[in-house]
Amino acid sequence: MANIAFMNAAADGIAALLFPDLEAVVHDIRSGLIVHIANGFSKRKVGDASLICNLPELDQGLDVIGPYEKAGPNNRTLRSISIAARSEEGDIVALLCLNFDMTALSQVQKLLSGFAVGLQPQARPAPLFSADWREKLNDIVEAISVEHCVRRRDFGRTEIMYALAQARANGLLDIRNFVDYFGEYFDISRATVYNYLRAIPPEKN
């Protein structure tokens with residue numbers, strides 16, 4: 001049998017979880033009155049008439065209706081869902097209506113949409129990065145990671161040697177202290193870097 005006390009507790013719990021944007025209202029269908037409100041913002045109060053007369057789905061045997069949108073106070077948009085509790089005979093005894101205020105989310109969505117439209121990423125200015133050899137090494141490693149489907153931290157000898165070969169082809173070995181940086185980058189010794197270099201076939205002219 002439907003337990004209105006449980007529905008009241010459920011209303012309190014759900015409203016607390018989604019405070020302050022959710023209002024939970026329990027309707028006693030037998031009396032036609034609102035019997036409980038948690039985090040009320042629709043200016044209704046306990047004892048008001050339920051006015052449940054616009055949910056034809058209830059007559060079709062549905063116990064969960066929605067979500068559906070409706071207008072709230074102060075031009076707010078509410079997304080609502082109604083949950084029916086029935087007696088053992090199948091008659092509706094109570095209705096728990098959850099009204100979620102979508103206004104704040106809609107404002108955030110508009111803000112994010114504005115960023116997405118108005119702040120499209122642009123091509124990186126080449127003059128600003130042409131001398132940034134660390135950035136170039138990052139680009140090389142990222143390309144290898146995508147090509148070989150291997151994360152940087154999982155690079156083995158093959159991937160590291162490939163990165164070293166690409167670095168050499170891009171002139172990075174001419175940069176002072178690059179070998180030391182490369183070793184720190186992959187957590188290998190300076191000697192290992194030179195061993196890898198000797199194992200890499202010479203570039204073709």
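**Close-up 1. The buried side of helix α1.** In this predicted model, the buried residues of α1 are Ile4, Met7, Asn8, Ala11 and Ala15. Buried here means under 20% relative accessible area, exposed means over 50%, and partly exposed is in between (1.4 Å probe, protein chains only). Looking down the axis of α1, you will find its buried residues within an arc of 105°, so they line one face of the helix; the arc is that of the directions from the helix axis to the C-beta atoms. An α-helix has 3.6 residues a turn, so residues three or four places apart point the same way. Ala5, Phe6, Ala16 and Leu17 are exposed on the face of α1 turned away from its buried side. The partners against which the buried residues of α1 pack are β1 (22-28), β2 (33-38), β4 (77-86) and β5 (92-101), a contact being heavy atoms within 4.5 Å. Helix α1 (residues 4-17) has 14 residues, and its end C-alpha atoms are 20 Å apart, in agreement with the 20 Å it should span at 1.5 Å a residue; the expected span is 1.5 Å times one less than the number of residues.

**A note on reading these views.** Residues are numbered from 1 along each chain as its sequence is written. As the model is predicted, local features need pLDDT of at least 70, and side-chain atom pairs count only at pLDDT 80 or more, while totals for chains, interfaces and linings use all residues; side-chain values use heavy atoms, with hydrogens and water left out.

**Close-up 2. The chain as a whole.** The protein chain has seven helices and five strands, taken from DSSP runs (helices are H or I, at least four residues; strands are E, at least two) and numbered from the N terminus. Along the sequence, they follow the pattern α-β-β-β-β-β-α-α-α-α-α-α. Of the 205 residues, 34% count as buried. Among contacts between residues at least 6 apart in sequence, 43% join residues at least 24 apart.

**Close-up 3. Helix α5 and its neighbours.** Helix α5 (residues 157-169) has 13 residues and reaches 18 Å from its first C-alpha to its last, close to the 18 Å expected. Its buried residues are Glu159, Ile160, Met161, Ala163, Leu164, Ala165, Ala167 and Arg168, and they pack against α4 (133-148), α6 (178-186) and α7 (190-199). After α5 comes Gly171, with a positive phi near 75°.

**Close-up 4. Tyr162 on helix α5.** Tyr162 lies in helix α5 and, at 29% relative accessibility, counts as partly exposed. Leaving aside residues up to four places away in sequence, Tyr162 touches Ile144, Glu147 and His148. Tyr162 and Ile200 are 38 residues apart in sequence, yet 8.5 Å apart in space, C-alpha to C-alpha.

**Close-up 5. The largest nonpolar core.** This core has 24 residues, and Phe182 and Phe186 have the most contacts inside it. A nonpolar core is a set of buried Ala, Val, Leu, Ile, Met, Phe, Trp, Tyr and Cys residues joined through side-chain atoms within 4.5 Å. Helices α4, α5, α6 and α7 each supply at least two residues of the core, and α5 gives the most, with six. Not counting residues up to four places away in sequence, Phe182 touches Leu137, Ile160, Ala163, Leu164, Ile188 and Val193. A second, separate core of 14 residues includes Met7, Ala11, Ala24 and Ala38.

**Close-up 6. Aromatic rings.** The count comes to seven aromatic pairs. Rings of Phe, Tyr and Trp (its six-membered ring) pair if their centres lie within 6.5 Å; planes under 30 degrees apart count as stacked, over 60 as edge-to-face and the rest as tilted. The rings of Phe155 and Phe186 have centres 5.8 Å apart and planes at 15°, so this pair is stacked. It links distant parts of the chain, with Phe155 in the loop between α4 and α5 and Phe186 in helix α6, 31 residues apart. Phe155 is buried at a relative accessible area of 10%, and Phe186 is buried at 10%. Phe178 and Phe182 form a tilted pair, 5.8 Å centre to centre with 45° between the planes. Both Phe178 and Phe182 are buried; being four residues apart in helix α6, they are separated by about one helical turn. Trp133, Phe155, Phe178, Tyr181, Phe182, Tyr185 and Phe186 form one aromatic cluster.
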